[in-house]
2 protein chains.
Amino acid sequence: MSTAWKSRYAQRTKNVQSSTIRELLKLTQKPEIISFAGGLPAPDVFPLDRFQEACRRVLEVNGHQALQYGASEGYEPLREMIARHISRYGIKARPQHVLITSGSQQALDLIGKLLINPGDRILVEAPTYLGALQAFTVYGAEYVSVPSDNDGLRTELLEPSLRLGPKFMYVLPNFQNPGGTTLSEGRRHELVLLADKYGIPIIEDDPYGQLRYEGEHLPPLVVIDRENLRRDESYSIGNVLYLSTFSKTLAPGLRLGWIVAPPDVISKLVQLKQGADLHTSTFTQVVAYEVAKEGFLDEHVKLIRKVYRERRDVMLDSLKHFFPAEVKWTHPKGGLFLWVTLPQGMDCRSLFEVALKENVAFVPGDCFYATSETNGEGCRHFRLNFSYGRPELIREGIRRLSVAVKQQLHELHAVHAG
Amino acid sequence: MSTAWKSRYAQRTKNVQSSTIRELLKLTQKPEIISFAGGLPAPDVFPLDRFQEACRRVLEVNGHQALQYGASEGYEPLREMIARHISRYGIKARPQHVLITSGSQQALDLIGKLLINPGDRILVEAPTYLGALQAFTVYGAEYVSVPSDNDGLRTELLEPSLRLGPKFMYVLPNFQNPGGTTLSEGRRHELVLLADKYGIPIIEDDPYGQLRYEGEHLPPLVVIDRENLRRDESYSIGNVLYLSTFSKTLAPGLRLGWIVAPPDVISKLVQLKQGADLHTSTFTQVVAYEVAKEGFLDEHVKLIRKVYRERRDVMLDSLKHFFPAEVKWTHPKGGLFLWVTLPQGMDCRSLFEVALKENVAFVPGDCFYATSETNGEGCRHFRLNFSYGRPELIREGIRRLSVAVKQQLHELHAVHAG
């Protein structure tokens with residue numbers, strides 16, 4: 001007889017499902033569909049020539065090391081480069097405070113593995129990044145959601161939730177996924193003070209921080225926390241773990257992210273990383289280092305900012321031009337996404353069906369809420385990605401979407417009139 | 001104040017420690033030491049020219065895909081190639097039965113995540129692969145050890161342990177790490193029948209199967225299981241999950257492994273993989289496919305076999321030449337390791353100290369035992385790697401080691417005489 005595999009699955013897998021986004025994305029694969037659903041960087045800005053040159057050099061000069069097993073902590077020159085690179089944002093980490101991960105997603109998984117006991121509550125924004133929920137749920141996380149608005153997490157609503165004793169707070173302060181919103185400087189200070197007051201640490205996820213198209217860079221939470229604590233320059237302590245990635249600035253196919261944390265936390269994470277995959281690909285680490293090392297990344301990020309800003313502006317203009325006045329949307333100052341709010345009574349799932357018939361797609365907002373009491377709220381929203389498509393497609397896609405929106409709106413009014 | 005991070009760690013991390021091997025390896029990093037401790041492939045056989053050419057072509061022809069996000073299941077042409085490749089060993093999998101993982105280590109981690117509830121018993125060989133213990137322990141695994149000899153796991157001792165109801169059996173049938181032993185064909189059949197009889201599935205880990213230096217390839221457990229079940233050609237059912245890797249045949253720095261499993265198991269593993277790291281690096285997958293696709297891998301494996309066989313023979317000859325008759329060792333027919341047994345009363349940890357002074361290193365045997373009752377047994381053994389060093393270094397290393405062994409043996413005799 002054969003093993004009844006399903007009956008052997010561990011308890012922790014019971015709440016794990018395939019990402020709704022993934023299932024939706026399958027519906028949007030047809031070539032005639034203009035999809036704003038994915039969160040993909042624009043492939044046309046990948047620096048292919050630099051990668052060519054880097055691969056050639058790495059294999060010529062350093063091939064034996066680049067193809068061999070490596071340290072679980074990551075490739076030392078890359079850790080040094082990251083420490084140097086983030087110091088411009090005031091994060092004064094040293095290489096020993098940096099762990100290289102297989103993308104930010106693995107950082108979230110390792111943090112879940114490190115910190116979450118089954119039943120632990122995690123405080124998240126409503127809405128929040130779906131992949132974090134996927135990473136945490138498998139370790140038995142439950143959630144407390146705190147609403148956000150155009151200035152990010154509403155810190156004035158935070159205290160009652162902190163008194164529930166969450167294990168940590170998970171926050172995306174810059175150009176949040178899915179909201180496209182940025183946590184204001186005032187709220188950053190409040191958030192860090194509240195974390196300190198209640199002794200609840202913060203996981204600061206910053207995949208998009210460098211992709212700012214207007215305004216000034218705001219201080220990361222980890223920096224504000226350091227300044228408050230003052231007495232420690234060496235990150236041996238702190239209330240914030242900081243995550244970032246090369247996925248949005250270089251290429252997501254490399255799967256390279258990192259965690260900045262106190263050395264004790266790094267060494268425990270390294271042990272977990274050993275068991276999880278020994279180490280991140282030496283080859284992609286050495287190649288990424290070779291591509292990025294001599295200031296190329298700065299130059300390249302400027303290009304990405306230019307391209308994405310233009311696409312964001314085309315999307316904002318098109319929304320203004322085509323969409324009815326009852327519909328609202330965020331004005332993201334960076335990142336990849338904007339967030340649309342439909343009038344009361346409209347439902348993003350029905351709109352999704354109609355939009356598919358118009359050959360355009362997005363991600364329905366309810367996917368991004370951790371707790372069911374806020375799920376109802378999600379039905380009035382959807383997420384649009386503006387980084388992937390070329391401007392002419394963005395314009396045409398928003399036109400198509402406006403047809404679907406108007407049709408749904410018309411039906412809604414008919415119901416109300418009837 | 002700062003977060004007391006250690007007090008926030010999850011219960012599951014309590015039994016997680018840095019691999020003893022890793023700690024020992026730090027002691028063996030000095031250039032004057034000849035180390036047989038690591039499990040590293042020989043870098044001098046990495047096919048650097050092929051990688052050069054593959055990277056060049058991939059970035060020229062397929063760069064936008066290779067650097068972009070990809071499917072969690074893995075790069076489709078690579079899955080197809082693996083399915084084709086393993087069919088020569090009788091494993092008739094289709095691409096949908098193959099999940100690409102970030103090395104075999106991630107395969108072990110995902111399987112632990114999928115199957116192990118805290119307190120579940122896992123049946124392992126004594127000795128067994130340390131990395132599997134690391135991957136499983138974090139999910140709360142406990143262990144049942146069954147001894148092995150020159151013909152691998154002693155299946156005649158298996159039934160009492162199966163009656164304890166382990167969640168699964170974890171077995172390395174070919175050129176086992178650390179023993180270097182191979183499960184005999186008769187025992188393979190017995191093992192598969194016992195798995196079926198008790199309804200306890202098998203995780204078959206086969207990183208070294210292709211590196212056979214003498215004798216005939218033996219049928220994988222997954223094939224014997226298929227043949228017994230007969231009625232299913234499509235792997236929709238079965239009692240065996242099969243793991244392998246490109247780490248030993250192509251390059252470990254790529255971090256590319258795979259799991260062959262029934263489609264239901266694959267889809268659940270894919271969900272876990274999404275949460276763990278979204279997907280394995282697209283770039284390394286596409287490059288590995290480009291390197292391996294047109295039969296190159298077969299040719300290359302022939303070269304590896306030739307080089308490693310020679311190194312194994314040098315090690316066996318040197319052992320015979322330099323070592324005292326009281327010491328015994330396995331004669332591995334493939335793989336990377338051989339296993340030395342010291343006379344009663346000698347201790348591998350003390351030997352390790354003395355060996356370091358002689359500038360030679362190995363891994364003490366007690367590292368490879370899952371349960372404490374078999375740990376005492378471990379102290380009489382140690383593991384030697386023969387794939388990494390060049391022949392002249394192997395000979396010199398074994399000579400140095402023999403000095404340490406003789407010295408320890410002398411002391412032992414002196415104690416007995418005294």
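**Exercise 1.** How are α5(B) and α12(B) oriented to each other?

*Solution.* In this predicted model, begin with the axes of helix α5 (residues 76-87) of chain B and helix α12 (residues 282-292) of chain B, which come within 9 Å and cross at roughly 45 degrees. Next, compare that angle with the cut-offs, under which angles under 35 degrees count as roughly parallel and 65 to 115 as roughly perpendicular. The helices α5(B) and α12(B) are therefore oblique to each other, and their crossing is left-handed. Finally, turn to the residues: Pro77(B), Leu78(B) and Met81(B) of α5(B) make the contact with Gln285(B), Ala288(B), Tyr289(B) and Ala292(B) of α12(B), and the residues of this contact comprise six nonpolar, one polar and no charged.

**Exercise 2.** Determine why strand β14 of chain B is largely enclosed by the rest of the structure, and identify the strands that pair with β14(B).

*Solution.* Consider the two faces first. In a regular strand, side chains alternate between the two faces of the sheet. In β14(B), His381(B), Arg383(B) and Asn385(B) lie on one side and Phe382(B) and Leu384(B) on the other, and all are buried. Because five of the five residues of β14(B) (residues 381-385) are buried, the strand is largely enclosed by the rest of the structure.

Now follow the pairing. Strand β11 (residues 337-341) of chain B runs antiparallel to β14(B) and is joined to it by five bridges, with Thr341(B) as the bridge partner of His381(B). Strand β13 (residues 363-364) of chain B also pairs with β14(B) in the antiparallel sense, over two bridges, and here Val363(B) has Arg383(B) as its bridge partner.

Terms used. Residues numbered from 1 in each chain as written. Chains lettered and ligands numbered in written order. Predicted model: local features only at pLDDT ≥ 70, side-chain atom pairs only at ≥ 80, totals over all residues. Buried ≥ 20, exposed ≤ 12 C-beta atoms within 10 Å, placed from the backbone. Helix = DSSP H or I, 4+ residues; strand = E, 2+ residues; numbered from the N terminus. Pairing = 2+ DSSP bridges. Axes fitted to C-alpha atoms, helices over the stretch in contact; angles between N-to-C directions. Parallel < 35°, antiparallel > 145°, perpendicular 65-115°, else oblique. Left-handed = near helix turned anticlockwise from the far one by under 90°. Contact = placed C-beta atoms within 7 Å. Nonpolar A, V, L, I, M, F, W, Y, C, P; charged D, E, K, R; others polar.
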